[in-house]
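Please have the sequence and the 3D view open.

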Amino acid sequence: MQIPTVSMLEIQLNSFVRRIARANELKALIKASGAKLTRKGRSRNWQLQGEWPQFALIIELAETQNEPSWLWVITQLKSVKPKASPSDLIEIVRQNPTITLTQLIVKTDCTLIEARQALDSLAFD
């Protein structure tokens, strides 16, 4: 599935080091993904910059660590996931004509209406 890439995404992570355990491990994981984690001045606030594929890699690697305090960062990253456009949904259905409505919704995080419109547009063409 091709999710459209948005140039640079930014997330504010307030009190980053205080909220999570094993902060150095998560910082190393973020650095390994290619995303940029910077501290905002001398405050406790941090900023994470990167593209969606980098954020997806961070989510995937962080979820394998089973660290409960990292769920906050994972949730923040998932909140900026770009939505697939109607043309992207139609292309996914064209590539996999046997995909079900539920599978399309899970794969793309689209709404029920968007998924039905994509399936119907190909069924009636």
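How close do the axes of helix H5 and helix H7 come, and at what angle do they cross? The axes of H5 (residues 86-95) and H7 (residues 112-123) come within 9 Å and cross at roughly 55 degrees. This is a predicted model, in which local features need pLDDT of at least 70 and side-chain atom pairs count only at pLDDT 80 or more, while totals for chains, interfaces and linings use all residues. Residues are numbered from 1 along each chain as its sequence is written, and side-chain values use heavy atoms, with hydrogens and water left out.

**Terms**
- Helices (H or I, at least four residues) and strands (E, at least two) are DSSP runs, numbered from the N terminus.
- Axes are lines fitted to C-alpha atoms, for helices over the stretch in contact, and angles run from 0 to 180 degrees between N-to-C directions.

**Helix pair**
- H5 and H7 are therefore oblique to each other (angles under 35 degrees count as roughly parallel, over 145 as roughly antiparallel, 65 to 115 as roughly perpendicular and the rest as oblique).
- Leu89, Ile90, Val93 and Arg94 in H5 meet Glu114, Ala118, Leu119, Ser121 and Leu122 in H7 (contact means heavy atoms within 4.5 Å).

**Sheet**
- Three strands form an open antiparallel sheet, ordered S1-S3-S2 (two strands pair if DSSP finds at least two bridges between them).
- Strands S1 (9-13) and S2 (36-39) are the edges, each pairing on one side only.
- The twist from one strand to the next averages 20 degrees.
- S2 and S3 (residues 46-50) run antiparallel and are joined by four bridges; Leu37 has Leu48 in S3 as its bridge partner.

**Helices on the sheet**
- Helix H3 (residues 52-64) packs on the sheet and touches S1 and S3, its direction making about 115 degrees with that of S3.
- Helix H4 (residues 71-78) lies across S1 and S3, at about 150 degrees to S1.
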